[in-house]
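The sequence and structure come next.

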Amino acid sequence: MEMERINENTIRVLISNDDLDARGITILDLLGDHQQIEDFFYSVLREVDTDHQFADNDSITFQVMPTGNGLELFISKNSTNEQVNSENNEEIAHYIKQSLLKAHQPADSDDQPVVNKS
């Protein structure tokens, strides 16, 4: 399992299929039992939140994206300030977009990807 802090409110966690197997969970398991889903995501949070910045927060959001090799999980602290939530969501969307652009750019290309902002 790999962890990366995106900003002060968001942690990105890559969970491989091997990590899921080690925990005795499949992606299909996460589609059904609500309690199992919640327990799994909070166990990941406890593991990656080593400085306990998320533990005392009343509201946490988990955003899950399946990948070819497991799951990409974004864990965000929610704020009562709507502006902060909106900015955090925009930052996550920008991060995902940049990651996708990098992943699809040929390795030997010197050209920068062109993004249409229409």
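What covers the buried residues of α2? The cover includes the elements in this table, with contact meaning heavy atoms within 4.5 Å.

| Element | Residues |
|---|---|
| β1 | 2–7 |
| β2 | 10–16 |
| α1 | 17–22 |
| β3 | 60–67 |
| β4 | 70–77 |

The model is predicted, so local features need pLDDT of at least 70 and side-chain atom pairs count only at pLDDT 80 or more, while totals for chains, interfaces and linings use all residues. Residues are numbered from 1 along each chain as its sequence is written, and side-chain values use heavy atoms, without hydrogens and water.

Helices (H or I, at least four residues) and strands (E, at least two) are DSSP runs numbered from the N terminus. Helix α2 takes in residues 34–48. I37, F40, F41, V44, L45 and V48 of α2 are buried, that is, under 20% relative accessible area with a 1.4 Å probe, protein chains only. Down the axis of α2 these buried residues fall within an arc of 135°, so they line one face of the helix.

The largest nonpolar core has 17 residues, and V13, I15, F40, V44, L73 and I75 touch the most other members. Such a core is a set of buried Ala, Val, Leu, Ile, Met, Phe, Trp, Tyr and Cys residues joined through side-chain atoms within 4.5 Å. α2 gives the largest share of this core, six residues.

Beyond its neighbours within four places in sequence, I75 has contacts that include V13, V44, L45, V48 and F62.

β3 and β4 run antiparallel and are joined by eight bridges; strands pair if DSSP finds at least two bridges between them. A hairpin through two residues links β3 to β4.

Definitions and conventions: The expected span of a helix is 1.5 Å times one less than its number of residues. Buried means under 20% relative accessible area, exposed over 50%, partly exposed in between (1.4 Å probe, protein chains only). The arc is that of the directions from the helix axis to the C-beta atoms.
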